[in-house]
Amino acid sequence: MDAIAEAAGVAVGTLYRHYPTKTDLVGAVLSRHVERMTLAVEEAADRVRAGEHAMTELTALVSRVIEAAAQDHAVEAAAQGVGASYAPENDTRAAAALTELITAGQADGDLHSDVTVADFYLLLATPPLDQPREVRDRWLTLTLPGFTAAAR
């Protein structure tokens with residue numbers, strides 16, 4: 001906590017006033033990460049509503065989420081280690097926006113009709129986050145076509 005306070009340019013007492021425990025601090029960082037990802041899904045859905053191609057938005061979204069997860073991998077590991085969590089309403093918001101993106105992709109004929117939000121969550125839970133970006137990009141290039149109607 002001392003090192004974090006120093007890096008943030010605040011007194012350790014200030015840090016403890018806002019985050020009484022390490023779990024509180026890690027939970028706040030995790031919540032910000034999840035909120036950013038939720039906003040990314042909602043923004044992608046907004047762009048599709050405005051006329052952008054759903055599969056293009058889904059591909060960009062998955063890539064962005066994977067890169068963010070690779071960058072925040074240590075935070076997520078720390079969160080699990082101290083039992084930190086985040087507000088579940090983000091899950092509901094993200095799932096609603098992702099459902100909208102999937103439905104649009106299916107309506108365009110790009111996504112297979114049986115693809116679900118759970119499938120995308122599984123996709124996002126399995127990338128090689130500990131590998132270089134080139135490996136993650138290649139993994140996505142090989143994996144994402146399994147979701148598309150043309151691949152079946």
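User: What makes glutamate 35 count as partly exposed?

Analyst: This is a predicted model, and in it glutamate 35 has a relative accessible area of 26%. Buried would need a value under 20%, and exposed a value over 50%. Since 26% falls in between, glutamate 35 is called partly exposed.

User: How do you know that glutamate 35 forms a salt bridge with arginine 93?

Analyst: Check the distance: the closest N and O atoms of glutamate 35 and arginine 93 are 3.1 Å apart. The cut-off is within 4 Å, so this pair passes as a salt bridge. As for where they sit, glutamate 35 is in helix H3 (residues 22–49) and arginine 93 is in helix H6 (residues 89–107). The two are 58 residues apart, and the pair links distant parts of the chain.

User: And arginine 93, is that buried, exposed or partly exposed?

Analyst: Partly exposed, with 29% relative accessibility. Arginine 93 also meets the side chain of glutamate 42 in a salt bridge, at 2.8 Å from N to O. Again that links distant parts of the chain, with glutamate 42 in helix H3 and arginine 93 in helix H6, 51 residues apart.

User: How many salt bridges does a search of the whole structure find?

Analyst: Eight. Another one of them joins arginine 133 to aspartate 137, with the closest N and O atoms 3.6 Å apart. That is still within 4 Å, so the pair counts.

User: Why are arginine 133 and aspartate 137 separated by about one helical turn?

Analyst: Because they are four residues apart in helix H8. An α-helix has 3.6 residues a turn, so residues three or four places apart point the same way. Both are partly exposed too: arginine 133 has a relative accessible area of 42%, and aspartate 137 has 31%.

User: Which residues are linked with them in a network of salt bridges?

Analyst: The network links Glu67, Arg133, Arg136 and Asp137.

User: Let's switch to aromatic rings. Why is the pair of phenylalanine 120 and phenylalanine 147 called tilted?

Analyst: A search of the whole structure finds one aromatic pair. Phenylalanine 120 and phenylalanine 147 are 4.8 Å apart, centre to centre, with 55° between the planes. The distance is within 6.5 Å, so the rings pair. Stacked needs an angle under 30 degrees and edge-to-face one over 60, so 55° makes the pair tilted.

User: What does that pair tie together?

Analyst: Phenylalanine 120 lies in helix H7 (residues 117–125), while phenylalanine 147 is in the segment after helix H8 (133–143), so the pair ties together parts that are 27 residues apart in sequence.

User: Are phenylalanine 120 and phenylalanine 147 buried or exposed?

Analyst: Phenylalanine 120 is buried, at a relative accessible area of 1%.

User: What makes H4 largely enclosed by the rest of the structure?

Analyst: It's a matter of counting: 13 of the 18 residues of H4 are buried, so the helix is largely enclosed. H4 covers residues 54–71 and reaches 26 Å from its first C-alpha to its last, close to the 26 Å expected.

User: How do you know that the span of H3 agrees with what it should be?

Analyst: H3 has 28 residues, which at 1.5 Å a residue should span 40 Å. Its end C-alpha atoms are 41 Å apart, so the two agree. After H3 comes glycine 51, with a positive phi near 115°.

User: Why is H4 called oblique to H7?

Analyst: Their axes come within 10 Å and cross at roughly 40°. Roughly parallel would need an angle under 35 degrees and roughly perpendicular one of 65 to 115, so H4 is oblique to H7. The crossing is right-handed.

User: What makes leucine 111 count as buried?

Analyst: Its relative accessibility is 3%, and the cut-off is under 20%, so leucine 111 is buried. You'll find leucine 111 in the loop between H6 and H7. Leucine 111 and alanine 150 are 39 residues apart in sequence, with 8.0 Å between their C-alpha atoms.

Definitions and conventions
Residues numbered from 1 in each chain as written. Predicted model: local features only at pLDDT ≥ 70, side-chain atom pairs only at ≥ 80, totals over all residues. Heavy atoms only, no water. Expected span 1.5 Å × (residues − 1). Buried < 20%, exposed > 50% of the residue type's maximum accessible area, 1.4 Å probe, protein only. Phe/Tyr/Trp six-rings, centres within 6.5 Å; stacked < 30°, edge-to-face > 60°. Axes fitted to C-alpha atoms, helices over the stretch in contact; angles between N-to-C directions. Parallel < 35°, antiparallel > 145°, perpendicular 65-115°, else oblique. Left-handed = near helix turned anticlockwise from the far one by under 90°.
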